[in-house]
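These are my notebook entries on one protein model. I looked up its sheets, its helix packing and one of its pockets.

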Amino acid sequence: MTRSHVEGLTVTEPQCCFCRGSRGSIVLDVGNQPACDDFPAGDDPGPDAKYPLQMWLCAECGLAQLVDDPTEPEEPRGVEPAAVVQQSIDAVNRVADAGWLRPGKTVAEYGSPHGGSWLGLVTDRGLEVAGDDCKADVVLDSFGVMHYRDQAAAFEERANRVADGGVFLVQYHELRAIVRQGEWNMLRLGHYAYYSLSALVEMLRRVGFHPRTAWSFDLYGGTVLLAATRDDAPDATINRLLDQEAELGIREPAYVGRLQESAVTSAGGLKSWLADRKDEGARVFGYGAASRAISLLAMADVDRTEMCGVADASTAKRGRRMPGTDVPIISPADLVSASPDYVLLLLPDLLDEVRSDFPEIEAQGGEWVSISTVVAAQ
């Protein structure tokens, strides 16, 4: 991003973090929000620093991206959910079945700062881990590359690691799923890019790669694992996905801009639901102190009189509070001991896992409620 001074104020002028283009549109603006990677201590009264949170759609390469981020990542790592682990196993199986993972080949991984790795799953199939900075036959990136400010440099680095005849595997939460489900709160500081296949085709082309095939998963409502090589031979799956995105208008501000209405509606819906539960005298807790929950709770101006606490499996987050609120982060054991009337699941993908892990909640008369259900019903 470039900056200019207007009447003494510093104003951010969007510039694409990949192609460096300057033509584009703000498609989502949720005002000033707390950093999603800085969980204050529970006894820190605040106020917490807040920063403009906006999404910009580049008109030149089609990449949806964070407008600006003056912060440095500090997020305590979470515990990898069972749904993510299972999806990783499924993904590796599919890639192997397609012939991309052959014994004796080498692999390099660019991981996500949120944790999780596919290396164990891949090396179990006879691949060897490439040395640092060495080329590899298979280069993996699962939700990692989106965390890089300079997208051009990040893609060039990964492309350069791929050996001749090798494959680059990149997994991403697809933009059309984010828009379809109104998941505006996927926009957060530290997450610089939000990919469509259409944009990735252009990004890969500029580093000498082309999509070959893709696999879709239900994780996060729509996740894609893309295989790209230096050969230009896309299969029917790639062409079908591109046709679907073109029909939707994935590179049009009007389409991606639907997220703006989703933000207002979901924040209002959450506030209304919590107010109704408070009027009933019900005790509501949350589960899942994830980054995507922070802007939603902050935008809805949630406090601990409405949500008594948010449980999370990560020990690194306990004793802290949700940024922008006074809602404390507690352990799952403390959640069970509290005998809540409702537990608002802030990460819908965890529903099967938490119901299995904490049967006491329902046995005590409590109810698990998905945040997606709440915001859709209001």
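**Entry 1: the hairpin and its neighbours**

I began with the hairpin of S4 and S5, where five residues lie between the strands and Gly62 takes a positive phi near 85°. The model is predicted: local features need pLDDT of at least 70, side-chain atom pairs count only at pLDDT 80 or more, and totals for chains, interfaces and linings use all residues. Residues are numbered from 1 along each chain as its sequence is written, and side-chain values use heavy atoms, with hydrogens and water left out.

Helices (H or I, at least four residues) and strands (E, at least two) are DSSP runs, numbered from the N terminus. I took two strands as paired if DSSP finds at least two bridges between them.

S4 (residues 50–58) and S5 (residues 64–66) pair in the antiparallel sense over three bridges, and Trp56 stands opposite Gln65 in S5. S3 (residues 24–34) also pairs with S4 in the antiparallel sense, over eight bridges. Asp29 has Gln54 in S4 as its bridge partner.

**Entry 2: the six-stranded sheet**

I then traced an open sheet of six strands, in the order S7-S6-S8-S9-S12-S11 with mixed pairing. S7 (128–129) and S11 (210–217) stand at the edges with a single partner strand each, so one side of each has no neighbour in the sheet. S6 (residues 106–110) pairs with S7 in the parallel sense over two bridges, and Thr106 stands opposite Glu128 in S7.

Axes are lines fitted to C-alpha atoms, for helices over the stretch in contact, and angles run from 0 to 180 degrees between N-to-C directions. H1 (residues 82–97) lies across S9, S11 and S12, running at about 140° to S11. H5 (residues 197–205) packs on the sheet and touches S9, S11 and S12, its direction making about 25° with that of S12.

I found an open sheet of five strands in the order S15-S14-S13-S16-S17, with parallel pairing. Its edges are S15 (329–330) and S17 (367–370); each has a single partner strand, so one side of each is left without a neighbour in the sheet. S14 (residues 310–311) runs parallel to S15, joined by two bridges, and Ala311 stands opposite Ile330.

H8 lies across S13, S16 and S17, at about 170° to S16. H8 (residues 258–280) packs against H9 (residues 291–299) at about 70°, with axes 8 Å apart. The two are therefore roughly perpendicular, a label that covers 65 to 115 degrees. Ala263, Val264, Ser266, Ala267 and Leu270 in H8 meet Leu296, Leu297 and Met299 in H9.

**Entry 3: the second largest pocket**

A pocket, on a 1 Å grid over the protein atoms alone, is an open set of points where a 1.4 Å probe fits, with protein on both sides within 12 Å along at least five of seven lines; lining residues have an atom within 4 Å of a point. I noted a volume of about 470 Å³ for the second largest pocket, volume being the space filled by probe spheres set on the points.

Which residues lie nearest its centre? Of the 21 lining residues, they are Gln181, Gly182, Glu183, Ser372 and Val375. H13 (371–377) gives the largest share of the lining, four residues. Val375 lies in H13 and touches Ser266 and Leu270, not counting residues up to four places away in sequence.

Definitions and conventions
Angles under 35 degrees count as roughly parallel, over 145 as roughly antiparallel, 65 to 115 as roughly perpendicular and the rest as oblique. Contact means heavy atoms within 4.5 Å.
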